[in-house]
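Trainee: New model on the screen. Please take me through one part of it.

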Amino acid sequence: MPRPQIAVQLYTLRDLTRTDFAGVMKQVAEIGYKGVELAGYGNLAGAAEAKSAIDAAGLQVVGAHIGIETLEQNVDAALDDQQTLGNRNVVVPWLPELRRGTTDAWKQVAHSLQVIGEACATRGMQLSYHNHAFEFDTVDAEGHIAMDILFGETSPAIVKSELDLYWVKRGGRDPVEYLNKLGPRVSLAHLKDMAGADQRFAPVGTGELDFEKILSAMSRLEIPWGIVEQDNCYETPPLEAVRTSFENLNRMGAV
């Protein structure tokens, strides 16, 4: 079974892309990454300029994070940009606090995701939802968690999971067990490690997550891309952090 290909989520490099998006793309490619997941266009004007910079570096767009409000307000315009980029994976990356916390609130979000996902499907694109830890909190007296509501109230073909394995662990679940639970519902996976008593974000292979088992499960489930992301690199330069992740994944046979 082939291992997933490895991309990087550009949110990790956001401070660099703000001033030199095109230059960062070249540096990402030099490390060895084959793909990028977008979180905006940095210092570029829009999707067309970003596409040119990504193509020039020999990379491909494997996904893009787009806020749920943006998709709700004008999904066609957002998907036009994704078509320009050649991107098929549209990911809702975050949910504002006002929109979560109760069963009804999560059901409303699920309905919105279903509608957006259907719009994506008509364009040959896939909608996924990216989790943090709060989706594993119980939201009612019966012990239901938000993740189960989201995926229970939406169609498996229309709304999938971009499963962030650090946040699964932070939410008190086992990453491999949760990969197996969602199974074919997982379209993409975010890879970052957890280190120390304060559960700091860390490069892959430098913390406590068992990436050998994670990669094996991803291969078995035929998840095509593992996407390196580090929300905060702290004192480590971000390019150094994503280089460490790539080199460790390479050592594990993932690239």
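**Helix 10 and what surrounds it**

Trainee: Which residue follows helix 10, and what is its phi?
Mentor: Helix 10 is followed by Gly-253, with a positive phi near 85°. Helices here are DSSP runs of H or I, at least four residues, and strands are runs of E, at least two, numbered from the N terminus.

Trainee: Where do the coordinates come from?
Mentor: The model is predicted, so local features need pLDDT of at least 70 and side-chain atom pairs 80 or more, while totals for chains, interfaces and linings use all residues. Numbering starts from 1 along each chain as its sequence is written, and side-chain values use heavy atoms, without hydrogens or water.

Trainee: Which residues of helix 10 are buried?
Mentor: Leu-239, Ala-241, Val-242, Ser-245, Phe-246, Asn-248 and Leu-249. Buried means under 20% relative accessible area, exposed over 50%, partly exposed in between (1.4 Å probe, protein chains only).

Trainee: And what covers them?
Mentor: The cover includes strand 1 (5-9), helix 1 (14-31), strand 7 (186-191), helix 9 (211-220) and strand 10 (225-228).

Trainee: Which residues meet between helix 1 and helix 10?
Mentor: Leu-16, Gln-27 and Ile-31 of helix 1 meet Leu-239, Val-242, Arg-243 and Phe-246 of helix 10. Contact means heavy atoms within 4.5 Å.

Trainee: Changing topic: Arg-170. Where does it lie?
Mentor: Arg-170 is in helix 7 (residues 165-170). Its relative accessible area is 35%, so Arg-170 is partly exposed.

Trainee: What does Arg-170 touch?
Mentor: Ala-133, Met-194 and Gln-199, leaving out residues up to four places away in sequence.

Trainee: How far is Arg-170 from Leu-13?
Mentor: They are 157 residues apart in sequence and 22 Å apart in space, C-alpha to C-alpha.
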